[in-house]
Every structure is written in C-alpha cells, then in structure tokens.
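Please find below my notes on the two-chain model that you asked me to look over. I have set them out as numbered points, to be read with the structure open.

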Amino acid sequence: MSNTLLDVRNLRTEFATQDGIVHAVNGVSFVLEEGETLGLVGESGSGKSVSMLTVMRLIPMPPGRIPSGEVIFQGNDLLKLSAEEMRQIRGNKIAMVFQDPMTSLNPVLTIGTQITEALELHMGMNNEQARKRAAELLKMVNIPEAERRLDDYPHQFSGGMRQRVMIAIGLSCSPQLLIADEPTTALDVTIQAQITDIVKRLKRELGMAIIWITHDLGVIAGLADRINVMYSGYIVETAPTKELFANPLHPYTVGLLGSIPRLDEGKREKLTPIEGLPPDLVNLPVGCPFYDRCRFRTEKCLQENPPLMSVGVKHWSACWNYEDVRQQRDAILKRTALPVAGTPQS
Amino acid sequence: MQAQPQTKLPPPAASANDTKPILQVKDLKKYFPITQGILFQKKVADVKAVDGITFDVLPGETLGLVGESGCGKSTTGRTILQLYRPTEGSVIFENKDLAQLKGEDLRKMRSNMQMIFQDPYASLNPRMTVGDIIAEPLEVHNIAKGKEKKERVQELLQIVNLNPYFINRYPHEFSGGQRQRIGIARALAVNPDFIVCDEPISALDVSIQAQIINLLGELQERFGLTYLFIAHDLSVVRHISDRVAVMYLGKIVELTDSKALYANPLHPYTRALLSAVPIPDPVIEEKRERIILVGDVPSPVNPPKGCRFHTRCPLAIPICKEVAPEWREVGNGHFVECHVV
C-alpha cells in the first residue's frame with residue numbers, strides 16, 4: 001500500500017459575520033494517499049473550497065477561525081506551522097490552481113515572470129535556469145511557441161491557455177499535492193476536455209496526488225480514484241469512484257445523480273430534482289443538515305446528526321437510513337442507456 | 001385549483017413535416033462594428049457574431065441552440081427578438097418580418113415573444129418588488145390594471161411554484177433558483193407563444209437546475225409554449241430539446257432532431273463537442289475516447305477563409321481552406337454544413 005500524504009482530522013472553519021457565525025466546515029476528516037486523486041463534490045456553500053483553503057492556510061483570519069482540527073502533511077501539522085514555514089510548503093510541496101483563470105494571474109506581469117517567481121523562490125534557480133524550466137513547463141501543458149510566449153502578458157492568452165499557464169505554475173516546483181479548485185468550471189467543454197486530458201497525462205508522468213474540487217459529477221467520474229461528497233460543511237458520503245456511482249448510499253448523492261441530465265440518455269420525461277434549498281450555515285440544525293430536503297427522513301434524523309458510518313468496502317455514508325436508500329434509490333435513478341458518442345464502436 | 005389564464009390550445013405535434021413554422025430565420029446576420037477615432041468614428045472592422053444562419057422553429061417544439069462561448073448563440077437569440085437589429089436577413093414570426101417592423105408595431109409583437117435571461121442576479125431590478133417586476137409587462141402592454149393586475153401577478157407566482165405572498169418582497173430576498181422563477185413568471189405574464197431561454201440554468205447549482213428544467217417542461221405542456229433554448233451544456237439541451245442546432249463561430253454547422261444528433265452526429269465539430277461532454281459514470285468514462293480539438297476558436301473579426309472550422313478540424317481536406325461549405329439537407333430534416341461528410 002502507498003503511504004499517507006495528507007491526513008485531515010476533524011477540521012472546522014468558521015467565519016464571524018454581521019449575521020452571526022457562519023459554520024463553513026464542520027468537522028471534516030479524510031486521508032489522502034500518495035499519488036491518489038480525490039474528488040471533492042458539492043454545491044456552492046458546501047465547504048469544499050473553504051476546507052481546502054484552510055489546508056493551504058489561505059483563510060483570512062479574522063474573520064475566519066479554525067476552532068479545531070489537524071492537517072497532517074508528511075508528518076507535520078500544517079495548522080501549527082509559522083507563516084514562514086508555511087510559505088516553504090505552499091507552492092512548493094502543495095500547489096493550488098484556482099477556478100477563474102481570468103483573475104488569478106497578475107495582469108501587469110508577463111507569464112514568464114509569474115512562472116519563474118516560484119522557481120527562483122523555492123528551487124533556488126537563477127534567472128536563466130528558471131526561464132529554461134518555465135519554457136519546458138509551458139510545453140508540458142501544450143502551449144505552442146513556449147519560449148516566445150514567456151514574454152506575453154495574460155491578456156494575450158485565451159481562457160483555456162491561461163488555465164494551462166496556471167497549471168504550469170502549480171506544477172513548477174513538482175509538488176506532491178496539487179489542489180485544483182474547479183479548474184475547468186469557467187471553460188467550454190472542448191477546452192475542459194483539453195485540460196482534463198493534460199492533468200491525467202501529467203499525473204501519470206509526475207505521480208503527484210490531486211484533490212480536485214468540483215460541482216460536476218461528470219468531470220470527476222473520469223478523473224478521481226475516490227470521491228468525498230460534501231453538504232453544508234460535512235462530508236456526507238465517501239467511497240471509491242466506481243463504488244460511489246454504482247452504489248450511492250446517501251440521499252444527497254442519490255439526489256445529485258437523479259437531478260443531472262445525462263448525454264447518454266434518451267429524452268426523459270422528468271428529472272428528479274432535490275426540492276428546497278440547503279440550510280443556512282449560521283443556524284445549522286441539530287439533526288441532519290439534509291433533513292428538510294430528504295425523502296428518506298425519519299424522526300431520528302431530526303434529533304441526531306448522523307456520523308459517517310461504514311456501509312461497505314472503503315465506503316462511508318452519513319445517513320441513519322442508508323438501508324432504505326439502498327432499497328429505494330433505483331426507482332429514483334431509473335435510466336435507459338443509449339450508445340454514446342466517443343465510445344469505441346465494437 | 002387556479003384558473004388557466006386565457007387558455008391556449010394544446011401544442012400541435014412538433015414532428016409533423018407539414019406543420020407551419022412559428023418562426024422562420026433566413027440568412028440572418030449580425031455584425032458589430034469596431035470603430036476607431038474619437039470625434040469622427042471610422043469603422044475599421046466588424047465582429048461577425050452571427051454570419052448567415054437559416055432555420056425554422058415549429059410551434060410547440062423546443063429548439064436547442066448549443067455552442068461554446070463566443071459562437072454567437074446568445075446574439076442569435078437577441079437578434080431574433082430584435083433586441084439587436086439584424087445587419088441582414090429576415091426573421092419571420094407569425095407572418096411578419098420582424099426585421100422590417102419598427103416602433104409601435106414591433107412593440108406590439110413583443111407581447112408574443114419573451115426572453116428568460118441567464119443571470120438571475122442581473123436581470124431583476126434590485127429596487128423593484130417582485131410584484132412590480134412581474135406586473136411591468138402587464139402595464140406596458142395594457143393587459144391588466146389595478147386589482148386584476150395584482151391577481152394576475154399572484155397567479156403567475158403560483159404558476160412558477162412561488163408563494164403568492166412574496167409579491168411585496170425584493171429580489172435580494174430570494175435564492176438564485178427562486179429568482180430564475182421570478183424571471184420566468186415575468187416572461188409568462190403577457191401570455192407569449194414563443195420564449196427565448198438564454199442559458200436559463202447555467203448560473204444555478206446542480207440540484208436547483210433540475211427544478212428549473214422540470215418547471216420549463218411543465219409550462220411548455222400547460223401553455224403550449226415554443227422555446228428556443230440556448231445553452232452550452234449538451235446534456236441539458238439533449239434532455240429538453242426536440243431538435244438541436246450546433247453553432248460554431250457565427251454559423252450553424254448542424255441541425256437535426258436531438259436523437260439523430262446524438263446517435264449519428266455528422267459534422268466533425270459536433271462529434272468533438274459530444275465526445276468532450278463528461279458522463280457521470282466512471283465505467284463509461286474509462287472506455288470513452290475523446291476527440292480533443294487542438295487550439296482555440298478563431299476570432300470572429302477575421303474568421304478563417306473557406307470552412308470556419310478547418311483550422312481545428314481533424315478531417316479537413318484542401319477544399320475546406322478555400323471554399324465555404326453549403327448548408328444542405330442530408331435527409332430527414334438533418335442539415336449539415338461540411339464538405340467531407
């Protein structure tokens with residue numbers, strides 16, 4: 001078995017606001033192994049981005065606060081490191097790629113300057129070496145005429161190319177862990193396919209671990225080894241990717257799968273949406289946060305918030321009634337598959 | 001039970017070939033000028049956002065219009081509704097060419113065609129109450145006044161599954177999905193036949209998207225609406241549309257019924273687009289082979305000569321660089337614009 005790279009234990013993040021304390025992350029625990037790809041799936045406000053920003057120590061404090069938790073990365077608790085020590089890790093051992101390629105690059109610096117910055121800082125390269133390495137990195141993410149483009153500014157690149165530049169910056173110091181926060185959400189599907197293709201290739205070549213944050217179950221199905229489904233700051237279900245899609249055991253996961261139209265289905269009369277809205281993170285209920293929207297709810301769910309319970313091999317679900325979910329979900333997920341474009345014809 | 005507002009006939013079968021189209025778009029072009037100079041502005045070039053497209057929309061059907069950002073799909077929707085005046089071409093709606101209509105005549109036509117916008121945060125005036133927002137089209141078109149108006153607004157709120165007591169609230173008090181329902185109620189206020197839905201769900205969370213998709217489907221059945229459904233998400237378009245048109249750089253490259261488009265895509269761009277859409281199933285994803293397009297979409301200011309797709313096309317042959325392919329029917333209402341297929 002491979003070794004543990006990142007061990008997150010009971011992580012909580014809160015923000016003090018005018019309306020009260022927003023409980024963004026509420027006791028998240030998971031383990032990431034070396035070279036593993038983990039998908040973090042959830043809707044806006046589910047805490048998927050905030051939990052990773054907390055791992056990276058990028059939460060502004062105040063208003064942010066981390067009342068409990070440990071983030072053990074290669075034996076050290078990142079939450080206990082000094083700002084200087086953290087700087088040695090950020091960008092070097094753990095790198096992050098953000099959602100919006102339009103705003104995450106500095107518009108007044110050339111692409112070359114922005115890539116070489118990390119190389120000179122973390123790898124101790126001189127200017128010439130760094131430039132050479134920067135050109136290699138751009139080639140690695142399929143940017144043509146890499147050497148010439150180093151002197152261009154971000155506005156001279158398209159959205160997809162900027163995101164590739166961001167990935168090149170993320171990979172510049174050969175990190176052990178790359179955190180990608182919805183890196184393809186702002187992009188068109190054909191460009192998204194380019195990016196996921198590059199990331200899959202680079203992962204094979206470089207062997208780093210990836211945490212891929214997304215709201216798109218389709219994107220993550222083809223990428224991740226394991227998936228954490230998040231809701232209201234909790235991990236509500238976690239399982240290996242194939243197991244999760246074949247055997248979802250939390251009502252929210254079932255709801256998500258039932259509410260997305262699939263390309264490989266015929267025109268269906270109706271989707272099965274999740275009715276209602278997620279709960280207010282200031283006034284979280286005592287019981288299960290999904291109670292209001294859940295079709296499997298019982299009295300117990302109102303009184304006690306379910307912990308993650310083992311429901312199968314490497315499969316945990318935070319639902320008291322997961323057996324009911326197992327029996328009834330097929331009615332919700334009923335689908336008829338048609339041949340898919342892009343599938344090799346036999 | 002609530003009363004049906006000015007009951008309409010049930011939608012006629014959309015597939016019948018002899019059905020008269022509700023909307024005919026012929027060789028529609030929309031160019032936006034690029035100007036230079038301060039006092040004497042001189043036109044130096046055009047952004048050819050929509051560059052000669054032809055299609056019909058049949059009554060009661062949903063025509064999906066898909067393409068990537070910048071392909072001209074939203075401009076098409078807006079030009080059809082005359083929110084942008086077309087540079088060339090005609091838009092025939094209920095036997096009148098909208099491109100020729102002006103002023104009062106055009107304004108009257110607008111009560112038959114409405115739009116649902118993409119961004120529910122930007123398309124509702126934050127200083128108006130929900131009641132005023134939905135009532136505005138009723139006032140503009142002199143449909144209802146006073147008590148009758150209020151009742152109609154409450155009825156509309158119920159139709160989109162919102163509580164009629166929300167009438168005095170402001171948009172900021174609602175979530176994204178609820179706001180989109182308000183936008184839909186506003187579009188329905190004048191009892192239109194035809195609605196352009198411009199990416200109505202792309203700003204919403206996944207679980208909320210399904211609510212809106214279902215609502216649009218129910219309303220179509222109930223009021224016999226015809227939709228032009230603009231979106232970049234092919235899975236959604238497939239789910240909701242009877243026929244689908246695929247746009248690339250200002251042109252429609254393929255148009256057919258949605259089953260045929262997915263089962264038998266002909267244009268190389270359509271094939272690449274379909275293969276790029278991820279499917280939420282790891283077993284299928286493992287086996288799929290993607291057609292990865294190289295490069296980016298060229299600029300619509302200087303679209304490539306010949307076929308616009310030839311710079312990225314895996315099937316391109318010499319003629320594609322020189323001669324623009326014709327828009328032709330390859331059988332059974334399946335249109336395509338390509339030399340190779």
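The points below go from the sheets to the core, the domains and the contact between the chains.

1. On conventions: this is a predicted model, in which local features need pLDDT of at least 70 and side-chain atom pairs count only at pLDDT 80 or more, while totals for chains, interfaces and linings use all residues. Residues are numbered from 1 along each chain as its sequence is written, and chains are lettered from A and ligands numbered from 1 in the order in which they are written.

2. The open sheet of chain A has four strands in the order E2-E1-E4-E5 with antiparallel pairing, where helices (H or I, at least four residues) and strands (E, at least two) are DSSP runs numbered from the N terminus, and two strands pair if DSSP finds at least two bridges between them. Strand E2 (20-33) and strand E5 (76-77) of chain A are the edge strands, each with a single partner, so one side of each has no neighbour in the sheet. Within the sheet, strand E1 (residues 4-17) and strand E4 (residues 64-73) of chain A run antiparallel and are joined by seven bridges, and A:Glu14 has A:Arg65 in E4(A) as its bridge partner. Helix H1 (residues 48-55) of chain A lies across E1, E2 and E4 of chain A, at about 110° to E1(A); axes here are lines fitted to C-alpha atoms, for helices over the stretch in contact, and angles run from 0 to 180 degrees between N-to-C directions.

3. Chain B has an open sheet of four strands in the order E2-E1-E4-E5, again with antiparallel pairing. Its edges are strand E2 (42-57) and strand E5 (96-97) of chain B, each of which has a single partner strand, so one side of each is left without a neighbour in the sheet. Strand E1 (residues 23-36) and strand E4 (residues 88-93) of chain B run antiparallel and are joined by five bridges, with B:Gln24 opposite B:Ile92 in E4(B). Helix H1 (residues 73-80) of chain B lies across E1, E2 and E4 of chain B and runs at about 75° to E2(B).

4. Which residues of strand E9 (residues 226-231) of chain A are buried? Six of the six are, so this strand is largely enclosed by the rest of the structure; a residue is buried if 20 or more other C-beta atoms, placed from the backbone, lie within 10 Å of its own, exposed if 12 or fewer, and partly exposed in between. A:Arg226, A:Asn228 and A:Met230 point one way from E9(A), and A:Ile227, A:Val229 and A:Tyr231 point the other way. E9(A) runs parallel to strand E3 (residues 37-41) of chain A, with four bridges between them, and A:Val41 has A:Val229 as its bridge partner. With strand E10 (residues 234-240) of chain A, E9(A) runs antiparallel through six bridges, and A:Asn228 stands opposite A:Thr238. The hairpin of E9(A) and E10(A) has two residues between the strands, and A:Ser232 takes a positive phi near 50° there.

5. The largest nonpolar core has 184 residues, and A:Ile211, B:Ala185, B:Phe229 and B:Val246 have the most contacts inside it; such a core is a set of buried Ala, Val, Leu, Ile, Met, Phe, Trp, Tyr and Cys residues joined through C-beta atoms within 7 Å. The buried residues of helix H3 (residues 130-140) of chain B, including B:Ile134 and B:Leu138, pack against helix H4 (146-159) and helix H5 (176-188) of chain B.

6. Chain A is divided into domain 1 (34-60 + 85-224) and domain 2 (233-264 + 271-332), with bounds from an automatic or database domain assignment. The centres of the two domains, taken over C-alpha atoms, are separated by 31 Å, and six residues of domain 1 are in contact with eight of domain 2.

7. Between the chains, 44 residues of chain A are in contact with 44 residues of chain B. On the chain A side, H7(A) gives the largest share, six residues.

How values were computed. Contact = placed C-beta atoms within 7 Å.
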